[in-house]
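Dear colleague,

Please read the notes with the coordinates open beside them.

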Amino acid sequence: MARKKNLPFGFEEGEQYITIVLKHRLRDKAASSLNRQARAVNYVWNYCNNAQKHAFDRRWLWKDKWLSYRQLHTLTTGAGPELGLQAHTIQRICDQYVRSRKAKKKRWLRYRGRKSLGWVPFANDQVFFDGQAFTFNGVRYEPMHLRENIFYPAYGMSGSFNRDSRGRWFINVTVEMRVAASAPNTKVGIDLGLDTLACLSDGREIEPPKFYRANEERLATAQRARKTPKRVCKIHAKAVNRRKDFLHKESARIAKEYGLIVVGNVSPSKLAKTTMAKSVFDAGWADLKGMLSYKALMHGGMCLEVNEAWSSQVCSVCGCLPASRPKGIADLGMREWTCDECGTAHRRDVNAAKNILRIGLDTLAEGTRL
Ligand SMILES: [Zn+2]
């Protein structure tokens, strides 16, 4: 993580940092400027698309049927002032156009129009942050909330302004976050589940608040019932926001407390019992894992994902597979059990979390031996 010369304000030499992408909701008063730029962005995009189409149609005439970033860059040079866009924004559009076309393996792409979600890309070093707001292309954009202990924005990266389907603008920007010098010497295993969102090896359970499940269920129902897009959109946005807010708080607490966090990947047999859509759980689990991994880094710790196979069946005390263990889908309802071999009474999820922690520690030990 070599750092280029200019240290951001408040950043001391020799400090560790990580970069993460943050999304901030922007106040609406600057929306008109972004809306105008988004239209210009569409114009540039469609211009690139036409140029690509043209090149492909005349491939017998020219040897380049696929336009490169450099070629598009040359074609669009100097268009900025007239369109009210900055040069780096146009470069980012050309870059993205070439990437998208390659990724989608298409001769050309869809045109961007009024129905496209607004998008204004930028290079990070052209966005300035003064402690309260981002200044870009001569306009100040105030975010609704800011996080402490973060340096905006990271050098040498790019980001974008994005408008969602409800017309609200966000900034997606890569930022630098200070990393704690050392993590506490503590460890925890986490079992992701259905009855509780997660169970920790110290016996604590992360119980989602009531609205959590209710909202996710409402969302699933609305999607199935093909409600109007606007309605689904609103329910969706609300459910996602509340879920993320809840998970941010929980993951922050865990990351602060534990230096090593081991999470199990979720086995399909767990999902077999539920009548709810798999995606409902998946989204929560994925969010939690993502948050844990960067928050662990932020606190100087580490987050590990391991295969959780057998973790709910092995006794975490004696390490055997007793006959009394919960087996497969049939025993998913069995929340407590006693080991035949050593007589320990287990809570199923806590036992699983303990096994996950052990698997994590074994993995680490193997790693150091190599
Ligand atoms: Zn046992």
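Donors are here the N, O and S atoms within 2.8 Å of the metal (3.2 Å for Na, K and Ca), and water is not among the atoms, so sites may look incomplete. This is a predicted model, in which local features need pLDDT of at least 70 and side-chain atom pairs count only at pLDDT 80 or more, whereas totals for chains, interfaces and linings use all residues. Residues are numbered from 1 along each chain as its sequence is written, and side-chain values use heavy atoms, with hydrogens and water left out.

Along the chain, the donors of the zinc ion follow the spacing C-x2-C-x20-C-x2-C. C315 lies in the loop between β13 (302-307) and β14 (336-338), and C342 in the loop between β14 and β15 (345-347), so this pair ties together parts that are 27 residues apart in sequence; helices (H or I, at least four residues) and strands (E, at least two) are DSSP runs, numbered from the N terminus. The protein donors are the SG atoms of C315, C318, C339 and C342, which lie 2.3 Å from the zinc ion. The angles among the four donor atoms are 104 to 113 degrees, and the site is tetrahedral, a label given to four donors if all angles lie between 85 and 135 degrees. For comparison, the ideal angle for four tetrahedral donors is 109.5 degrees.

C315 counts as buried, at 1% relative accessibility, while C342 is partly exposed, with a relative accessible area of 34%; buried means under 20% relative accessible area, exposed over 50%, and partly exposed in between (1.4 Å probe, protein chains only).

The rest of the protein

The protein has nine helices and 15 strands, and buried residues make up 43% of its 370 residues. Among contacts (heavy atoms within 4.5 Å) between residues at least 6 apart in sequence, 69% join residues at least 24 apart. The protein exposes about 20,800 Å², of which carbon and sulfur atoms supply 52%, with accessible areas taken from the Shrake-Rupley method with a 1.4 Å probe.

W62, in the loop between α1 (31-57) and α2 (69-76), is partly exposed, with a relative accessible area of 41%.

Finally, A214 lies in helix α5 (residues 210-224) and is partly exposed, at a relative accessible area of 39%. The C-alpha atoms of A214 and A239 are separated by 9.1 Å, the two residues being 25 residues apart along the chain.

Key
Four donors count as tetrahedral if all angles lie between 85 and 135 degrees; four count as square planar and six as octahedral if opposite donors are over 155 degrees apart and all others between 65 and 115; anything else is irregular.
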